[in-house]
Amino acid sequence: MLILWIILGIVLLLAILYIAFFNGLVGGRNQVKNAYSQIDVQLRRRHDLIPNLVNTVKGYAAHEKETLANVTNARTKAISADNASAAERGQAENVLTEALGKLFAVAEQYPDLKANTNFLALQEELSSTENKISFARQFYNDSVLRYNNRIEMFPTNIVASRGNFKKEQFFEVDNQTERAVPQVSF
Amino acid sequence: MWQQIRSNKIKSAVLTISMLVILSFIGYFIGYAVDSEGGGWIGLVISLIIWFLMAIIAFFKGGQMALSITKAKKIKKEDHPRFWNIVEEMAIAAGLSKIPDVYIIDDPAPNAFATGRDEKTAAIAATTGLLTLLNRDELQGVVAHEIAHIKNRDILFMSMVSVMLGAIVLIAWYGSRMLFFSGSGRSSSNNSGNLALLIIGLVFMILAPIIAQLIYFAVSRKREYLADATGALYTRYPDGLASALEKIGNSNIQIKAANDALAPMYIASPYRKKGHKIDLESLTSTHPPIAERVRILRRMGVSGLVSYEGYEKIYETDSKQRTRADSIIMGNAAMGMTAVSIREAYTEDQPIGLGNLKRTPDARKIAYNSSGGNYIVKKCDDCGAVLKVSTTYQGKNANCPYCGSNINID
């Protein structure tokens with residue numbers, strides 16, 4: 001009789017642990033999803049700000065056609081990559097970041113443009129959006145790391161394999177392009 | 001992160017219980033002194049009710065009270081886009097469920113605090129002095145520190161504990177006077193055992209508020225260190241907060257609304273003695289010395305990696321308080337978290353975070369002992385930090401503020 005109770009107790013304990021681990025994994029997966037949507041919000045915000053910026057710069061530096069066209073093209077490509085995988089999206093957004101960086105470097109040569117309040121406001125807005133993207137990405141990657149760890153580590157890996165939890169992809173940044181020296185010819 | 005918050009919770013519970021015990025004792029003694037038969041328990045219940053009522057008020061109104069005492073004004077994004085954006089950035093980095101409300105206090109003294117009971121009711125306030133004094137990196141460091149307080153649940157906990165401290169002080173103050181002027185006469189006619197008990201009770205009543213306050217301050221200091229470390233993890237740039245703290249520490253403007261209850265909430269102690277910078281760590285300070293906080297953050301910046309483990313290690317090695325064995329980042333659970341590399345400084349008045357622009361780490365150049373006038377530039381051989389040394393500086397050697405090594409100046 002006593003043995004029966006002990007077995008029953010162990011079964012109950014295992015069931016409770018299973019439920020706790022399962023819920024923990026669901027929580028982790030939801031946090032990853034939520035973090036990804038935060039990156040999404042900020043990327044869209046950047047896409048929305050760019051036409052305004054291009055128009056403002058055009059008014060002062062109309063003959064920087066190439067730089068402006070690069071930004072517009074990169075934006076179009078980034079928007080079309082909206083539904084692609086995290087890795088592909090990261091790539092497209094990096095190209096846009098690069099093009100924007102060049103645009104701001106070019107803007108340095110136009111004192112009138114730099115004094116324009118609209119331009120300054122846009123600059124703060126884009127810079128901050130850029131920061132928000134990188135902080136959202138940081139939080140997303142941290143969440144993915146924790147979630148993936150739980151999927152791989154014992155004992156949660158048992159629950160993960162039975163409950164069909166799959167590892168998530170990191171939102172990579174191409175360090176090569178991000179750290180490169182700006183190649184702006186004057 | 002959650003593990004460290006959990007071990008925080010355990011320590012907080014121990015603290016709360018010990019203060020609750022002190023509170024109960026005081027209530028019991030007062031009740032006992034008034035009526036030695038059964039009065040003790042009534043006194044205990046009354047003291048707990050007083051605390052409970054105060055706690056309820058603090059829970060629902062504490063945040064608003066702090067904001068109204070300091071005359072903080074809620075702002076919209078258009079009022080100060082940069083400050084607003086930075087709060088939003090750090091809320092994203094911490095993964096808060098809601099962006100905190102943003103407040104500005106019209107005061108030239110640089111300081112900031114966070115308040116509210118949870119993520120949803122949280123608010124961040126900064127003085128106008130802070131907003132004009134700091135650059136973007138530094139302001140981001142300060143906001144990250146405040147967001148860390150919100151994320152670590154410090155703000156609710158500290159306000160609950162400060163209310164308990166308030167209840168202890170209040171009850172002990174009224175209780176001891178009550179006993180001196182009325183209760184003592186009636187009880188002294190009893191046997192000598194009762195008298196001894198009363199004397200012990202009185203002594204305890206005098207000491208209790210002091211003990212409670214010391215516990216409260218000790219916890220406040222630990223939470224400041226922890227918020228520094230968490231903040232550095234959010235920004236990935238410890239030098240930002242370090243140079244912000246240097247600027248705040250060098251300012252000797254006294255904040256208008258400095259008050260004992262609010263002191264632990266600020267990023268740095270709001271009290272300024274005339275001509276003195278805040279630097280002494282003592283039992284009665286709510287904050288660790290700024291120099292110590294800066295030293296840890298700077299060294300973390302030089303090491304290029306940010307982690308709780310790294311923060312802990314730097315705190316322990318060649319610290320002035322080497323004798324203190326207790327951990328500052330609470331609990332071993334925070335250990336073993338992977339270290340992450342830091343980013344570079346933003347360039348002032350330039351687009352920030354745009355990948356291809358050149359960034360200069362100018363936040364690492366600080367004036368060393370400068371009292372205005374000319375200076376010479378010295379490079380630290382060990383860590384490569386650039387120091388500006390005032391020509392009026394008398395000594396031949398100086399300690400590098402980042403790595404602590406000795407630099408020859410001639």
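Colleague: Is B:Phe60 buried or partly exposed?

Modeller: A residue is called buried under 20% relative accessible area, exposed over 50% and partly exposed in between, with a 1.4 Å probe and only protein chains considered. B:Phe60 has a relative accessible area of 49%, so this residue is partly exposed. B:Phe59, at 31%, is partly exposed as well.

Colleague: What should I know about the model itself before we continue?

Modeller: This is a predicted model, in which local features need pLDDT of at least 70 and side-chain atom pairs count only at pLDDT 80 or more, while totals for chains, interfaces and linings use all residues. Residues are numbered from 1 along each chain as its sequence is written, chains are lettered from A and ligands numbered from 1 in the order of writing, and side-chain values rest on heavy atoms, without hydrogens or water.

Colleague: How many aromatic pairs does the structure hold?

Modeller: Rings of Phe, Tyr and Trp (its six-membered ring) pair if their centres lie within 6.5 Å; planes under 30 degrees apart are stacked, over 60 edge-to-face, and the rest tilted. Over all chains there are nine aromatic pairs. In one of them, B:Phe25 and B:Phe29 have ring centres 6.4 Å apart and planes at 20 degrees, so the pair is stacked. Both residues lie in helix α1 (residues 2-34) of chain B, four residues apart, which is about one turn of the helix. Helices (H or I, at least four residues) and strands (E, at least two) are DSSP runs, numbered from the N terminus. B:Phe25 is partly exposed at 42% relative accessibility, whereas B:Phe29 is buried at 14%. B:Phe59 and B:Phe60 make an edge-to-face pair, with 5.0 Å from centre to centre and 85 degrees between the planes. In chain A, the residues A:Tyr18, A:Phe22 and A:Phe165 form one aromatic cluster.

Colleague: In what order do the four strands of the open sheet in chain B lie?

Modeller: Strands of a sheet pair through backbone hydrogen bonds, either parallel or antiparallel. Here two strands pair if DSSP finds at least two bridges between them. The order in chain B is β1-β2-β4-β3, with mixed pairing. The edge strands are β1 and β3 (112-115), each of which pairs on one side only. From one strand to the next the twist averages 25 degrees. Helix α2 (residues 39-69) of chain B packs on this sheet, touching β1, β2, β3 and β4 of chain B, and its direction makes about 155 degrees with that of β3(B). Such angles run from 0 to 180 degrees between N-to-C directions, the axes being lines fitted to C-alpha atoms, for helices over the stretch in contact. Helix α5 (residues 136-151) of chain B lies across β3 and β4 of chain B, at about 25 degrees to β3(B).

Colleague: Why is strand β2 of chain B described as largely enclosed?

Modeller: Four of the five residues of β2(B) (residues 101-105) are buried, so the rest of the structure largely encloses this strand. Three bridges join β2(B) to the antiparallel strand β1 (residues 72-74) of chain B, and B:Lys74 has B:Tyr103 in β2(B) as its bridge partner. With β4 (residues 123-127) of chain B, β2(B) pairs in the parallel sense over five bridges. There, B:Ile105 stands opposite B:Thr127, and B:Val102 stands opposite B:Ile124.

Colleague: Which residues does A:Lys132 contact beyond its sequence neighbours?

Modeller: Contact means heavy atoms within 4.5 Å. Apart from neighbours within four places in sequence, A:Lys132 is in contact with A:Gln42, B:Asn85, B:Glu88, B:Glu89 and B:Ile92. A:Lys132 lies in helix α5 (residues 117-152) of chain A and is buried, with a relative accessible area of 2%.

Colleague: What joins the side chains of A:Lys132 and B:Glu88?

Modeller: A polar contact is a pair of N or O atoms within 3.5 Å; within protein, one must be able to donate a hydrogen and the other to accept it, and residues adjacent in sequence count only if both atoms are side-chain atoms. Such a contact, of 2.7 Å, joins the side chains of A:Lys132 and B:Glu88. The side chain of A:Lys132 makes another with that of B:Asn85, at 3.0 Å.
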